[in-house]
Amino acid sequence: MNHASLEPKPFQPAHYKWWERGIIYQIYPRSFVDTNADGVGDLLGIRSRLDYLQWLGVDAIWISPIFTSPMADFGYDISNYTDIDPVFGTLDEFDALIADAHGRGLKVILDYVPNHTSDRHPWFVESRSSRNSAKREWYIWRDPAPDGGPPNNWLSNFGGRAWEWDEKTGQYYYHAFLKEQPDLNWRNLEVQKAMLDVLRFWLDRGVDGFRVDVMHHIVKDPEFRDNPVNLEWRPGMPPYRELLTTYTSDLPEVQDIVQKMRSALDEYDERMMVGEIYLPVERLIAYYGASGKGAHLPFNFQLIGLPWKARDIANAIERYEALLPSYAWPNWVLGNHDKPRIATRVGAAQARVAAMLLLTLRGTPTMYYGDEIGMHNVPIPGEQVQDPYEKNVPGLGLGRDPERTPMQWSGEEHAGFTTGRPWLPPAEDFESVNVAVERKSPNSILNLYHRLIQLRRAEPALSVGDSAPLPAEEDLMAYVRKAHERSLLIVLNLGARARNFNMADLKCRGSILLSTHVDRGPEEIVDELELRGDEGVVIELL
Ligand code: NOJ
């Protein structure tokens, strides 16, 4: 790992920013807690569970979009950036939530969706009203190709063409996602001003940061060239991937916009942005910006995309660390509202190992609601499908409803999420997999998460310390985290077979602090560490 490039900072959490030393917890608000029995979660619901989040020990909550929206893409289609959708509550309720969260030392991160608005946003309504509209240039309008068809071959992420014909004004508009989500034209200075003011609106209200939706998509090729064909595409893969995104994402000009967002944040104290960016790591790190004046954290999704194999993951960690510029702080993510849940991808036993990995790696961890109780993907019967992606491109398993089901609070009806009819069905196993039951069970995954978080908070070696990989074989991964003179060894078994890890070369003894099985006490290890299948341990080196 490239430690030489790390600017020396004392390994004391107080010297680090909250978003460096802390843990982020993502809430998908529709599915967290419903207090008014409409079947959809709300702000009062989130507020009512701050006790739980505090007990869990996270430092910040990121709430997916809560703004006024026709909900074509469940809030990622915004028709008013500076108000709360009535399904979630009111601005007053938001202010109360933020005050309550801050009172408990919890930070609040909102979603910022700059790439597109809803087609019902007054800006778009005006833009599409006439070719001479003052807001025509706020969106991306083009004449048809000579044959009358779309201006070029660009595809929508959600299936089909990215161009929608507008009969009244005789032009096409561009939408990287649904046709109900027209893309803003960020080359237009008025758009820039209006959208940067959106950041200021929420910053003035006390918001601590933003998760920036599809940050790399914001600017498009000014010549509207066709995207090249992706030769690796095969049937069964998302149709969107039939083309490379050469001219629709990660253009150099995106960096200028990111810098402007950063400057708006820098008008305030200690605010941050984390960019949603699905790019190869060597491109991802560009989003930290020149001299670190870009995104504070470009989301690192490698643990979501990689095969769950010890060598692949260990290599990816080393590579990422080696590529990080000196000013860049790492981060890691196991799941989100767009990807299958970790427990479904790796199984219940490995989900515990994944928790230990996430919470012992160097870099800010982001957790996804419900992963801490081991929630898995819930199969959604056809007639109950909500996600427009699944509706547009059915049958390929691309739909995102399965990872968005109601949080399982208790064994009561609808998992204690609502007293109404939930917008998506809770998992069938909610009577045993829920917060109430797991809090009482010392060996539950929830108590493992709780213990891991407490350990991370208590040990500067874990929250802000240095990190070095150790050689390990087969299904094992091992690394040491260190702050001052204190060293912690983490050994993870990513397979189901028992394995031994040789500690003799380390020339020190160890004592187990925590096992993923939560059943091993302080136990002295001299030469050989015996790990059961699917077990990970944190060891204090003596
Ligand atoms: C990424 C978001 O995470 C996803 O849920 C959404 O559908 C698209 N961006 C469009 O905003």
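At 3% relative accessibility, Asp 221 counts as buried, because buried means under 20% relative accessible area. The side chain of Asp 221 meets that of Arg 225 in a salt bridge, with 3.0 Å from N to O, and Arg 225, at 36% relative accessibility, counts as partly exposed. The model is predicted, and a search of the whole structure finds 37 salt bridges as well as 31 aromatic pairs.

**Salt bridges**

- Asp 266 forms a salt bridge with Arg 262, in which the closest N and O atoms are 3.2 Å apart; both residues lie in helix H7 (residues 253–266), four residues apart, or about one turn of the helix.
- Of these two partners, Arg 262 is buried, with a relative accessible area of 10%, whereas Asp 266 counts as partly exposed at 38%.
- Arg 319 and Glu 282 meet through their side chains in a salt bridge of 2.9 Å, N to O, and this pair links distant parts of the chain, since Arg 319 belongs to helix H10 (residues 310–323) and Glu 282 to helix H8 (residues 281–284), 37 residues apart.
- Arg 319 counts as partly exposed at 43% relative accessibility, and Glu 282 likewise counts as partly exposed, at 43%.

**Aromatic rings**

- Among the 31 aromatic pairs, Phe 67 and Trp 202 form a tilted one, with 5.4 Å centre to centre and 50° between the planes; the pair links distant parts of the chain, with Phe 67 in strand E3 (residues 67–68) and Trp 202 in helix H6 (residues 189–204), 135 residues apart.
- Phe 67 is buried, with a relative accessible area of 3%, and Trp 202 counts as buried at 1%.
- Phe 124 and Tyr 173 form an edge-to-face pair, 4.9 Å centre to centre with 70° between the planes; Phe 124 lies in helix H5 (residues 122–127) and Tyr 173 in strand E8, so the pair ties together parts that are 49 residues apart in sequence.
- Ring pairs link Tyr 25, Phe 32, Tyr 52, Trp 55, Tyr 368, Tyr 369 and Trp 409 into a cluster, and Arg 439 lies over the face of Trp 55, at 4.0 Å from the ring centre.

**The sheet**

- Three strands form an open sheet with antiparallel pairing, in the order E6-E8-E7; strands E6 (141–142) and E7 (163–166) stand at the edges, each with a single partner strand, so one side of each is left without a neighbour in the sheet.
- Two bridges join E6 to E8 (residues 171–174), and Trp 141 stands opposite Tyr 173 in E8.

Terms used. Residues numbered from 1 in each chain as written. Predicted model: local features only at pLDDT ≥ 70, side-chain atom pairs only at ≥ 80, totals over all residues. Heavy atoms only, no water. Pairing = 2+ DSSP bridges. Phe/Tyr/Trp six-rings, centres within 6.5 Å; stacked < 30°, edge-to-face > 60°. Buried < 20%, exposed > 50% of the residue type's maximum accessible area, 1.4 Å probe, protein only. Lys NZ or Arg CZ within 6 Å of the ring centre and 35° of its normal. Salt bridge = Lys/Arg side-chain N within 4 Å of Asp/Glu carboxyl O.
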